[in-house]
Amino acid sequence: MALEHANDATFESMVSDGLTLVDFWAPWCGPCRMFGPIFESVSDQIPDVKFIKFEIDESNRRTPAKFGIRSIPCVLAFRDGTVIEARTGLMDAETLMNWVKEIKGS
């Protein structure tokens with residue numbers, strides 16, 4: 001499944017069905033810029049999971065506030081609209097792949 005982009009207006013409908021990982025990021029964040037290509041690469045390898053990027057900016061503050069995002073990059077895992085796990089900080093591809101496999105099995 002291709003990498004998708006969400007904002008405050010589209011977020012809830014995009015995470016409402018199935019297993020979805022959301023990367024909260026900002027262009028001014030160095031670790032976020034390093035993690036972006038990793039997140040995209042892993043999304044290409046796991047087509048049965050939705051991967052969404054959510055840019056934290058002036059017009060998209062409601063969703064990060066709702067989920068208490070205080071540090072980025074932060075990846076939230078949703079199952080049918082409910083947060084099931086969260087990871088904060090830079091992950092390498094292997095760590096991200098293993099985490100996705102772990103939550104798929106649960």
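Reader: Which residue takes a positive phi in the hairpin of β4 and β5?

Author: That is Asp80, with a positive phi near 50° in a hairpin that has 2 residues between the strands. Before we go on, this is a predicted model, where local features need pLDDT of at least 70, side-chain atom pairs count only at pLDDT 80 or more, and totals for chains, interfaces and linings use all residues. Residues are numbered from 1 along each chain as its sequence is written, and side-chain values use heavy atoms, with hydrogens and water left out.

Reader: Thanks! Where does Asp80 lie?

Author: Asp80 lies in the loop between β4 and β5 (82-88). Helices (H or I, at least four residues) and strands (E, at least two) are DSSP runs here, numbered from the N terminus.

Reader: What does Asp80 touch?

Author: Not counting residues up to four places away in sequence, Asp80 touches Val15, Ser16, Asp17 and Gly18; contact means heavy atoms within 4.5 Å. The Asp80 side chain also reaches the backbone nitrogen of Gly18 at 2.7 Å. That is a polar contact: a pair of N or O atoms within 3.5 Å, where within protein one must be able to donate a hydrogen and the other to accept it, and residues adjacent in sequence count only if both atoms are side-chain atoms.

Reader: And how many residues apart along the chain are Asp80 and Leu19?

Author: They are 61 residues apart along the chain, while their C-alpha atoms are separated by 6.5 Å.

Reader: Leu19 takes me to β2. Why is β2 described as largely enclosed by the rest of the structure?

Author: Because 7 of the 7 residues of β2 (residues 19-25) are buried. Leu19, Leu21, Asp23 and Trp25 point one way, and Thr20, Val22 and Phe24 point the other.

Reader: What's the general rule for side chains in a regular strand?

Author: In a regular strand, side chains alternate between the two faces of the sheet.

Reader: Which strands pair with β2?

Author: β2 pairs with β4 (residues 74-79) in the antiparallel sense over 6 bridges, and with β3 (residues 50-55) in the parallel sense over 6 bridges. Two strands pair if DSSP finds at least two bridges between them.

Reader: How does the chain cross from β2 to β3?

Author: Through helix α2 (residues 30-45), in a right-handed β-α-β crossover. Right-handed means that, with the strands pointing away from the viewer, the path from the first strand over the helix to the second runs clockwise.

Reader: Where is the kink in α2?

Author: At Gly36, shortly before the proline Pro37, and the kink is about 25°. The bend at a residue is the angle between axes fitted to the seven residues ending there and the seven starting there.

Reader: Which residues of α2 are buried, and what do they pack against?

Author: Cys32, Phe35, Gly36, Phe39, Val42 and Ser43 are buried. The buried residues of α2 pack against β2, β3, β4 and α4 (93-105).

Reader: Back to Asp23 for a moment. Buried or exposed?

Author: Asp23 is buried, with a relative accessible area of 1%. Among the residues it touches, beyond four places away in sequence, are Phe35, Phe39, Lys53 and Pro73.

Reader: Which side chain makes a polar contact with the side chain of Asp23?

Author: The side chain of Lys53, at 2.7 Å. Lys53 lies in β3 and counts as buried at 8% relative accessibility.

Reader: Switching topic, where is Ile72 found?

Author: Ile72 is in the loop between α3 (62-66) and β4, and it counts as buried at 18% relative accessibility. Leaving out residues up to four places away in sequence, Ile72 touches several residues, including Phe24, Trp28 and Cys32.

Reader: Last one: how many residues of β4 are buried?

Author: 5 of its 6 residues are buried, so β4 is mostly covered. β4 also pairs with β5 in the antiparallel sense over 6 bridges, where Val75 has Arg87 as its bridge partner.

Technical notes
Buried means under 20% relative accessible area, exposed over 50%, partly exposed in between (1.4 Å probe, protein chains only).
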